[in-house]
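Please go through this note with the model open beside you. Take the points in order and find each residue as you read.

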Amino acid sequence: MTDDNNPITPEIVEEETESKEGQLVQQVTKPEVLYLIPITGRPHLPAQIQPLMVNKTRWEETLTKASKDGKNLLGLAYLREVKGQYVYKDDFPKVGCIVRMMNIVDIQGNIQFIAQGLERFRIIRFLSDKPPFVVQVEYFEKLKENEDELKAYAIAIINAIKQLLSLNPLYSEEVRQYLGMFSPDQPSPLTDFAAGITTASGDDLQEVLELPSVIERMKKVMLLLTKEIEIAKLQTKIQQDINIQVDDNKRKFFLKEQLKAIQKELGLQKDDKTSDVDKFKERFAALKPPEHVVKRFEEEIEKLSVLETGSSEYGVTRNYLDWITSFPWGVHSEDNIDIKRAEEVLDRDHAGLSDVKERIIEFFAAGIYKKDISGSIILFVGPPGVGKTSIGKSIAEALGRKFYRFSLGGMRDEAEIKGHRRTYVGALPGKMVQALKDSKVANPVIMLDEVDKIGMSYQGDPASALLEVLDPEQNAEFLDHYLDLRIDLSKVLFICTANQLDTIPPPLLDRMDRINLSGYITEEKMEIARKHLWPKLLKRNNLTSRVITITDPTIRYLIEGYAREAGVRTLEKLLNKIIRKSIVTILKEGKKKVMVNIKSLEKYLGPPIFKHERQMSGVGVVTGLAWTQLGGATLPIEAVRVHDKSAGVKLTGKLGDVMQESAGIAYSFVRANLGEFKINKNYFDKAFIHIHVPEGATPKDGPSAGVTMATAIVSLATKKTITRPLAMTGEITLTGEVLPVGGIKEKIIAARRSGINEIILPEGCKPEFKMLPEHIKEGITFHFAEKYKDVFKVVFNGRNGS
């Protein structure tokens, strides 16, 4: 190792040789000590001249010392990989190349110079094992080799270079530089040059550099040249294929342009504007528009003909004409009204709902008699999942009409119904125009889903916009803001759906023919599951009933324990879950068939959500019936005497204002008629009564619990218990009148579901009760009360009913 304070100055030995013609061929400098720099990528070979760039911070000192003597000689050694930030002496190979540095310049933190390769060297030892690296070297001796063999290989290399030049002319500049420095008759520089112009890897070139024998070097280089020629041939072929494809595309393009020019001269082809005008005229001619539409169309076509295609007005007018000519003016589908076919379609698609089907058949019959089924607006009201939307599709199928559905839920802009004016950017017609355009007829069945969930905002009130649409007296001249034309919607059959009526504006509700869809009873759900849901889910999962089987008792257990809602959506989800779990069992256990029974049902779905409802009983406990958006429900009411310090009533259970008033009326009525119910006349003077309706987190309201609360107070005051499964509903007045309430069908279904077999209803509900299907009323005893004393007799005296 050298001392940094006494730097080594390399000794220079120079030789000059001349060619036979007396020309200076090469000046070889052979210092015994060299400054060394590593390079990556490819090794530098003798006979190579190329620019190099090194990091100024690391190697500036090495380059400065190497250029001190004026010879600018430097050793370069190829590193296969740099393992870290620093380079150590063990990283260097044994063989490198001595170069002369020329044109040394600083470029943005790096040093660039031209390296002229001179001679191979072999490292004997390191005199400095850290930058600047200094090594003692020796040079390869010239071996005595067969001249004829050298000459033969040289000719082969020259021919290979010529072939490479013909394939890739980019090598010609490097060949010219080589011929300016060396004679083609010198085999060693020729071999190094040939290796340098290839794209061989750094390891292959390092192997060429380390070979002492020129013939061995030539053999290696010939392999590299052959590989390079094959790559150049493949590259040339790829380029030729690309050129052929590009030329073919160019040729086709020019031919098409020429063809267009010829067709235009002969009048066989039109420009874009003429093409648009002719297309719109052709479309419009196939329609049967009214006179005012024809006039507007002619005005817009004339405007389009004089506008420039690049103007914004052209695009607006073109879109308007596109909508006008796409609208089915005067195009109607023929109704296929057949009562028997309509019944078959409804029975095929829906189980139960006999009263609803009867209403629909009546609607069809009226249309057949007057030979026109238009101008009707039907409203299906019922809880989610009872089949409102699917019934609409069945009606369209039975009529043979096109069906179009869109949801009004959350709609806040009246322009969604009546369209935007054309003055706005991106204006579009309203949903009614879009529905008729998509249906391609002027008399489709249009379903307006979720009509009870229309919103309202500063942009307008869509519910008010629907008044014109759903009024048979007005919709014959419906005006869409975008088209600005009167449209006849009187031939359209509108079907609306809603979960409740409270949020529908009365003027809008007044225009609809309402049909209530109550929930399904267990038997109806079983039939739906057997005939519709289960086969549909099996088909969706590419299964058959032979692979997965479910028994009827299992379906009943599933309905009563997991899916008690009014509709069948939860039931469908649970059946789908059972199929998924069964498929997992088939795949894991390799079974070919799975039988789903009650025991496996609990394995797939867990314990039942709903247990068998045990009717609450005791003094002051009475079961009422209530209606909710999800169908009917039982409503137990409890009354207890808290203390005798002061008279009063406390109400709990998240009761609404109307229900609180009903409780007050019931309390006042009972207190005013103590003798009639055989209650101690001093009972209420000091009794503080607490009335509670369970499930306190659920909001409750309405007058139908009046008789139930009165009965609970009477039971508490007389200390009489209702022991049989009995429920009641009805509004009570201060004089003891029992007034009719709504939702009778839903309430009866809820009572049946809970195992109640005796129900008290208001006398005023008798007409609605008589319209109910027999299978809903079967097995239940009904009592009708005109006054509360009738309720009292049934509850506490056990009077028989119907």
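1. Start with a term. A salt bridge here is a side-chain nitrogen of Lys or Arg within 4 Å of a carboxyl oxygen of Asp or Glu. Keep in mind that this is a predicted model. A search of the whole structure finds 39 salt bridges.

2. Look at Lys536 and Glu572. Their side chains meet in a salt bridge, at 2.9 Å from N to O. The pair links distant parts of the chain. Lys536 sits in helix H17, while Glu572 sits in helix H19 (residues 569–589), and 36 residues separate them. Lys536 counts as partly exposed because its relative accessibility is 37%.

3. A network comes next. Salt bridges that share partners join Glu300, Lys303, Glu313 and Arg422 into one network.

4. Stay with helix H17 (residues 522–540) for another pair. Lys531 forms a salt bridge with Glu527, and the closest N and O atoms are 3.1 Å apart. Both residues lie in this helix, four residues apart, which is about one turn. Glu527 has 26%, so it is partly exposed.

5. Now go to helix H1 (residues 56–66). The side chains of Lys65 and Glu61 meet in a salt bridge there, at 3.3 Å from N to O. Lys65 and Glu61 are separated by about one helical turn because they are four residues apart in the helix. Glu61 has 43% relative accessibility, so Glu61 counts as partly exposed.

6. Which residues form a negative surface patch? They are Glu291, Glu298, Glu299 and Glu302. Glu302 is placed in helix H8 (residues 291–306). Its relative accessibility is 58%, so Glu302 counts as exposed.

7. There is a nonpolar patch on the surface too. Leu234, Ile238, Ile242 and Val246 form it, with about 340 Å² of accessible area together. Val246 belongs to helix H6 (residues 214–266). At 37% relative accessibility, Val246 counts as partly exposed.

8. Is Thr198 buried or exposed? Thr198 is buried, because its relative accessibility is 3% and buried means under 20%. Find Thr198 in the loop between helix H4 (187–196) and helix H5 (202–210). Set aside its neighbours within four places in sequence. Thr198 is then in contact with Arg42, Leu205, Leu224, Leu225 and Glu228.

9. Check the backbone at the prolines. The peptide bond from Pro131 to Pro132 is cis, with omega near -5°. Pro132 lies in the loop between strand E7 (110–128) and strand E8 (133–138).

10. Asn103 has a positive phi of about 55°, although it is not a glycine. Asn103 lies in strand E6 (residues 95–107). At 60% relative accessibility, Asn103 counts as exposed. Gln108 is not a glycine either, and its phi is positive at about 50°. Gln108 is placed in the loop between E6 and E7. With 81% relative accessibility, Gln108 counts as exposed.

Technical notes: Residues numbered from 1 in each chain as written. Predicted model: local features only at pLDDT ≥ 70, side-chain atom pairs only at ≥ 80, totals over all residues. Heavy atoms only, no water. Patch = residues over 30% accessible without salt bridge, like charges linked within 9 Å, V, L, I, M, F, W, Y side chains within 5 Å. Areas by Shrake-Rupley, 256 points an atom, 1.4 Å probe, with all protein chains shown as cover. Lys, Arg positive; Asp, Glu negative; His and termini not counted. Charge placed at Lys NZ, Arg CZ, Asp CG, Glu CD. Helix = DSSP H or I, 4+ residues; strand = E, 2+ residues; numbered from the N terminus. Buried < 20%, exposed > 50% of the residue type's maximum accessible area, 1.4 Å probe, protein only. Contact = heavy atoms within 4.5 Å.
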